[in-house]
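Subject: Handover of a structure and the findings on it

Dear colleague,

Please find below the structure that I am handing over to you.

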Amino acid sequence: MLAANPLAKALYTDFDALPHRDRNLARFLFLDPAAHGLIADRQTAARGTVAALRLYAGRHPHDSRLTELVGELSVHDEDFRRWWADHDVVAYTHGTKRYRHPLVGELALEYESLTLPDGPDQALCLYTAEPGSPSAQALRLLGSWSATDLSAGRTP
């Protein structure tokens, strides 16, 4: 995770507050207990994350940081170990993600993952809710909560 706006931090976690090494969505998804309740269909999201890591591994077979991450996740999560051994590969470009946020409840967000020609290993991920939907209302509430929290000097 290179950067996140305040709403993304309120939805997931404040990655900026984590040690640099821990600013990783795969590490968050598999090792942070908060992620287990946040992601509504955790198994599908986790399997997809493993398959996306496999895609990256195929492009960068000698990446020592990836090797370290895969080793760490393999040691600490039986599901990761099993799914890594499946050798599935996927490229996330768009879709729907479902969340169970502890403050605002259920959200269904559409996402687009955009890569730039000069940085194909980095992606800008955009999340949107259908206008007028309960998810859009939940995002507005989460946004107002995070803005209030930030103005009080706390990080969401």
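The notes below go from the whole chain to single residues.

This is a predicted model, in which local features need pLDDT of at least 70 and side-chain atom pairs count only at pLDDT 80 or more, while totals for chains, interfaces and linings use all residues. Residues are numbered from 1 along each chain as its sequence is written, and side-chain values use heavy atoms, with hydrogens and water left out.

The chain as a whole

The chain holds 7 helices and 3 strands. Here helices (H or I, at least four residues) and strands (E, at least two) are DSSP runs, numbered from the N terminus. Read from the N terminus, the order of elements is α-α-α-α-α-α-β-β-β-α. The chain is as compact as a globular protein of 156 residues, because its radius of gyration of 16 Å is close to the 15 Å of the globule rule. That radius is taken over C-alpha atoms, and the rule is 2.2 Å times the number of residues to the power 0.38. The C-alpha trace spans about 45 × 35 × 30 Å along its principal axes.

Of the 156 residues, 34% count as buried. Buried means under 20% relative accessible area, exposed means over 50%, and partly exposed lies in between (1.4 Å probe, protein chains only). The chain exposes about 9500 Å², and carbon and sulfur atoms supply 56% of this area. Accessible areas come from the Shrake-Rupley method with a 1.4 Å probe; for residues, only the protein chains shown count as cover.

A contact means heavy atoms within 4.5 Å. Among contacts between residues at least 6 apart in sequence, 50% join residues at least 24 apart.

Charges and salt bridges

The chain has 16 positive and 20 negative charges, and their mean positions are 2 Å apart. Lys and Arg count as positive and Asp and Glu as negative, whereas His and the chain ends are not counted. The place of a charge is taken as NZ of Lys, CZ of Arg, CG of Asp or CD of Glu.

How many salt bridges does the count come to? It comes to 11, where a salt bridge is a side-chain nitrogen of Lys or Arg within 4 Å of a carboxyl oxygen of Asp or Glu.

One of them joins the side chains of R42 and D77, at 3.9 Å from N to O. R42 lies in helix α4 (residues 42–59) and D77 in the loop between α5 (64–76) and α6 (78–86), so this pair ties together parts that are 35 residues apart in sequence. R42 is buried at 13% relative accessibility, and D77 is buried at 9%.

R47 and D86 also meet through their side chains in a salt bridge, at 3.3 Å from N to O. This pair links distant parts of the chain, as R47 is in helix α4 and D86 in helix α6, 39 residues apart. R47 is partly exposed, at 33% relative accessibility, and D86 is partly exposed, at 37%.

D79 and R82 form a salt bridge in which the closest N and O atoms are 2.7 Å apart. These two residues are separated by about one helical turn, because they are 3 residues apart in helix α6. D79 has a relative accessible area of 26%, and R82 has one of 41%.

Is L11 buried or exposed? With a relative accessible area of 5%, L11 is buried. L11 is placed in helix α1 (residues 6–11). Leaving aside residues up to four places away in sequence, L11 touches L38, Y99, H101, L107, L109 and L142. L11 and V104 are 93 residues apart in sequence, and their C-alpha atoms are 9.5 Å apart.

K97 is in strand β1 and is partly exposed at 26% relative accessibility. With the same exclusion of residues up to four places away in sequence, K97 touches Y12, L107, A108, L109, Y111 and Y127.

H87 lies in the loop between α6 and β1 (94–101). Its phi is near 65°, a positive value in a residue other than glycine. Most residues other than glycine have a negative phi. H87 is exposed, with a relative accessible area of 52%.

Yours sincerely,
A colleague
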